[in-house]
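Subject: A structure for you to look at

Hi there,

Here is the structure I promised to pass on. Please open it beside this email and follow along as you read.

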Amino acid sequence: MKTSPVILGLLGALLLPLFATEYQIPKTSPLFAITFPEDWTVTHAPESVDGVSGDEGIQLYAQTDDSETIEDSVDETIEYLVTEGVKIKADTEKKNEGEINGMKVSGINWDGTDEDGPCRISLSFIDVGADQVITLLYWGSGAAEKKHAKALEGILQSMTALKARKKGKAKAAKEE
């Protein structure tokens, strides 16, 4: 059975925007990689990456931290959100733990409001090893989450601890 070039082209066109550019943080001796869709505005600094959806409905910010400064990161993040006009409803705080792509994650979620109305806020700490964590701040409205669900899933699936990636490649090479 032959695959039509039209079908292959259509599939490629659908997937390309979901997996545009990989950003590594920190820029020197990277520990973590994340990919944002092509239509997002991304600012890549030495220790962080900030991605905003094309319609500005979703914002996702990741930075490197060490595991000893997590409390400071929570305080700094809340201060940052206040400067951005985001109001957190403290009584909605929920803590969680889990795993994403083989990395341990702990976090705090809140409901809140921003200039566009109700929003969801998430602050997560992703363990990338060697006493290093990636602090991941996310906020957006429920409507924006629905609209960008495929893009958000692609971003989530792209997140990788680079040391783990290197170990996996080394192990695969040894097995050959």
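Below is what was found in it, from the whole chain down to single residues.

**The whole chain**

Please keep in mind that this is a predicted model. The protein chain has five helices and 10 strands. It counts 176 residues, of which 39% are buried. The chain exposes about 10,800 Å², and carbon and sulfur atoms supply 53% of that area. If you take the contacts between residues at least 6 apart in sequence, 45% of them join residues at least 24 apart.

The mean pLDDT of the chain is 83, and 81% of the residues reach 70 or more. Among the elements, strand β3 (residues 41–44) has the highest mean pLDDT, 96, while helix α1 (residues 5–15) has the lowest, 45. Over residues 1–6 the pLDDT is below 50, and this stretch has one contact in the model beyond near neighbours in sequence. Residues 8–14 also stay under 50, with one contact beyond four places in sequence.

**Salt bridges**

How many salt bridges does a search of the whole structure find? It finds two. Side chains of opposite charge can pair when their charged atoms come close.

One of the two joins K147 and D55, whose closest N and O atoms are 2.9 Å apart. This pair links distant parts of the chain: K147 sits in helix α3 (residues 142–147), D55 sits in the loop between β4 (48–52) and β5 (58–66), and 92 residues separate them. Is K147 buried or exposed? K147 counts as exposed because its relative accessibility is 59%, and the cut-off for exposed is over 50%. D55, at 37%, counts as partly exposed. While you are looking at K147, find I58 too: these residues are 89 apart in sequence, yet their C-alpha atoms are 9.8 Å apart in space.

The other salt bridge joins E145 and R120, with the closest N and O atoms 2.2 Å apart. E145 lies in helix α3 and R120 in strand β8 (residues 117–129), so this pair ties together parts that are 25 residues apart in sequence. E145 has a relative accessible area of 18%, which means that it is buried, since the cut-off is under 20%. R120, at 43%, counts as partly exposed.

**Aromatic rings**

A search of the whole structure finds three aromatic pairs. Which residues do ring pairs link into a cluster? They are Y23, F36 and W40.

**Backbone details**

Most residues other than glycine have a negative phi, and most peptide bonds are trans. With that in mind, have a look at these places.

- The peptide bond from I25 to P26 is cis, with omega near -15°. P26 lies in the loop between β1 (21–25) and β2 (32–36).
- S29 is found in the loop between β1 and β2. Its phi is near 50°, a positive value in a residue other than glycine. S29 is exposed, with a relative accessible area of 62%.
- N101 is not a glycine, but has a positive phi of about 50°. You will find N101 in the loop between β6 (87–100) and β7 (103–114). N101 is partly exposed, at 38% relative accessible area.

Happy exploring, and write back with any questions!

Best wishes

Conventions:
Residues numbered from 1 in each chain as written. Predicted model: local features only at pLDDT ≥ 70, side-chain atom pairs only at ≥ 80, totals over all residues. Heavy atoms only, no water. Salt bridge = Lys/Arg side-chain N within 4 Å of Asp/Glu carboxyl O. Helix = DSSP H or I, 4+ residues; strand = E, 2+ residues; numbered from the N terminus. Buried < 20%, exposed > 50% of the residue type's maximum accessible area, 1.4 Å probe, protein only. Phe/Tyr/Trp six-rings, centres within 6.5 Å; stacked < 30°, edge-to-face > 60°. Contact = heavy atoms within 4.5 Å. Areas by Shrake-Rupley, 256 points an atom, 1.4 Å probe, with all protein chains shown as cover. pLDDT = per-residue confidence, 0-100.
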